[in-house]
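Visitor: I would like to learn how to read this model. Please take me through it.

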Amino acid sequence: MKEIIDSLNWRYATKSFNGDKKLTDNQLDGLLSAIQLAPSSFGLQPYKVIVVEDQKVKEQLKAAAYGQAQLTDASHIFVFAIEKNFSEKHVDSFIANIAETRGVAVADLKGFSDVMKGTVNSRSAEELDVWNSRQAYIGLGVLLETAALNRIDACPMEGFDNAKFDEILGLQIENLHAVAIAAVGFRAADDVYQHYTKVRKAKDNLFIHI
Ligand SMILES: Cc1cc2nc3c(=O)[nH]c(=O)nc-3n(C[C@H](O)[C@H](O)[C@H](O)COP(=O)(O)O)c2cc1C
């Protein structure tokens, strides 16, 4: 427990990254594994994560993120993009994955499949987008905590033009839509924000014990 709380105190939304310090392949792969293992409703994982390392693409993204320096100075930009037009087709592909992974017949998963399809079909396109975004944000949270535990810095960000990100990264064509991003790398020694005391609600104002 102490290690996790220490890491949550260590982390902060990094504003200024050391542009010379890059994630190692091992660190990057560890972060990808953590996101891969993040829970999601039913296990559907209705999003993809675009990992941007290319400096020219990062420059374009910075322009679409109101010039925020994290976009070019961080080692990698993780773009969480929800699956649009979520439908029975996505459920079928999840069912196929379960069948293959666990060695069970698709027919034996019909009950579970029907429950998921019922949920998907009962929601409007807008509701599905919100639902899928929630799952993506769980992945974002897992990324932030895993990074912190490994003393890797990150800045979660919503301050960007979603439509422009979709355009730059060619997401529409893949039926994806960017909802949140994280700049990931290593803090600059002179980033003053690392010294700010955390401002949080007092526990008696945040938790209700019944
Ligand atoms: C969903 C989300 C969106 C955020 N968007 C931005 C952003 O666009 N730019 C930025 O510099 N910080 C952004 N932040 C960072 C928050 O301002 C920061 O997490 C909050 O002030 C708490 O500070 P701390 O993370 O340093 O403890 C965002 C955080 C979250 C969780």
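Visitor: Which strand gives the largest share of the shell around the ligand?

Guide: Two notes on the model come before that. Residues are numbered from 1 along each chain as its sequence is written. The model is predicted: local features need pLDDT of at least 70, side-chain atom pairs count only at pLDDT 80 or more, and totals for chains, interfaces and linings use all residues. Strands (E, at least two residues) and helices (H or I, at least four) are DSSP runs, numbered from the N terminus. A residue is near a molecule if its C-beta atom, placed from the backbone, lies within 6 Å of it. Here strand β3 (residues 153-157) gives the largest share, three residues.

Visitor: Which residues surround the ligand?

Guide: Among them are Tyr12, Lys15, Gln68, Cys155, Glu158 and Lys198.

Visitor: How do I read a sheet?

Guide: Strands of a sheet pair through backbone hydrogen bonds, either parallel or antiparallel. Two strands count as paired if DSSP finds at least two bridges between them. In this model, four strands form an open sheet in the order β1-β2-β4-β3, with antiparallel pairing. Strands β1 (47-52) and β3 stand at the edges with a single partner strand each, so one side of each has no neighbour in the sheet.

Visitor: Over how many bridges do β2 and β4 pair?

Guide: Strand β2 (residues 76-83) and strand β4 (residues 176-185) pair over eight bridges, in the antiparallel sense. Val79 stands opposite Ile181 in β4.

Visitor: How many helices and strands does the protein chain have?

Guide: The protein chain has nine helices and four strands. From the N terminus, the elements run α-α-β-α-α-β-α-α-α-β-α-β-α.
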